[in-house]
Amino acid sequence: MNLIIAVLIAIQAPSWQLSVDSLAKTGDFSGVVLVARGGVPLFERAYGMADREAGRANNLETAFNIGSINKFFTAISMRQLAAAGKLDLDSSLARAWPGYPNQDVAKRVTIRQILEHRSGIAGNIFGAPPGKTRHDVLSLNDYFQLFKDQPLQFEPGSRQQYSNAGYVVLGLLIERLSGTSYYDYVQRHIFEPAGMTRTASWKVDSLPPNTATGYTSDGRNTDLLPGRGSSAGGGYSTTHDLLRLLNALREHKVENAPEAGMVGIAGGAPGLNAVMEGDLAGGYDVIVMANLSPPAAERVGRLIREALVGPGGSRAP
């Protein structure tokens, strides 16, 4: 009887679901998958272990490190501040931050160039302060100290090159212009309006219960993580919270945020990977989180997107 049920389930399951099941069985995927239509979940399932050593499995409410998806929150925050008249996105960094320590950089770079990864601001935010560890990086200023004196990598506006350091600068600018910490700003202006209750940049030594541990081929990624995430990445969320965010964008509950159909973002680093895509053709949302290194979640997201809407994953009109 069990064999008959298993065969029936296999016949009824979509091909992408069988592919994800297979990846989970081979250890190539561990996390949570959520597929929604019209903002309502159609499919959601947890796979693998949140903590292998403790024998704790992932579940639908497990929080994962979402990496650079945090940049999306930072970009919304900057546009909110611009709409409030606190800065001009096309002004120089020097005008927005007169005391910026590297004036050559500040005078030549605009805020919009930083947002669009066209500024030339360079720097390794994955290092550690002299004589300390990654866990001692606890504030945006701690990140800033790792690169603040570096020259521009290229002439601003001349090309596009991904810049984590640039988004740390934006986070510090948010703090200067809002008079509050970056973490408090996004909590008040994005997470709360969207109803996101399990999204935050928690400290690595005080993660709340039901948070996934990241794993690389060498084991836990804990030693690789900073003490706390930043405006460039490293915060935590759940699939349900990110769906709440997409629904909030559709309902215009978050000021100066883009439409859900403009959202197609991912984040990844050793032991973590996440992808969120909103309003694909047919009204689908796809959210995948993994506590494994890239491309664990991105591969699953691509499988699902192509199965639902075909190669290229077109957006809803």
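1. Strands here are DSSP runs of E, at least two residues long, numbered from the N terminus. The model is predicted: local features need pLDDT of at least 70, side-chain atom pairs count only at pLDDT 80 or more, and totals for chains, interfaces and linings use all residues. Residues are numbered from 1 along each chain as its sequence is written, and side-chain values use heavy atoms, leaving out hydrogens and water.

2. Three residues lie between the strands in the hairpin of strand 10 and strand 11, where Gly282 has a positive phi near 90 degrees.

3. Strand 1 (residues 31-37) also pairs with strand 11, antiparallel over seven bridges. Val286 in strand 11 is the bridge partner of Val35, and Glu277 also stands opposite Val286.

4. Strand 11 (residues 284-290) is largely enclosed by the rest of the structure, because seven of its seven residues are buried (under 20% relative accessible area, 1.4 Å probe, protein chains only). In a regular strand, side chains alternate between the two faces of the sheet. Tyr284, Val286, Val288 and Ala290 are buried on one side of strand 11, and Asp285, Ile287 and Met289 are buried on the other.

5. Ser237 is in strand 8 (residues 235-237) and counts as buried because its relative accessibility is 0%. Beyond its neighbours within four places in sequence, Ser237 has contacts that include Thr62, Phe64, Arg198, Thr199 and Met289 (heavy atoms within 4.5 Å).

6. The side chains of Ser237 and Thr199 make a polar contact at 2.7 Å. Such a contact is a pair of N or O atoms within 3.5 Å; within protein, one must be able to donate a hydrogen and the other to accept it, and residues adjacent in sequence count only if both atoms are side-chain atoms.

Notes. Helices (H or I, at least four residues) and strands (E, at least two) are DSSP runs, numbered from the N terminus. Buried means under 20% relative accessible area, exposed over 50%, partly exposed in between (1.4 Å probe, protein chains only). Two strands pair if DSSP finds at least two bridges between them.
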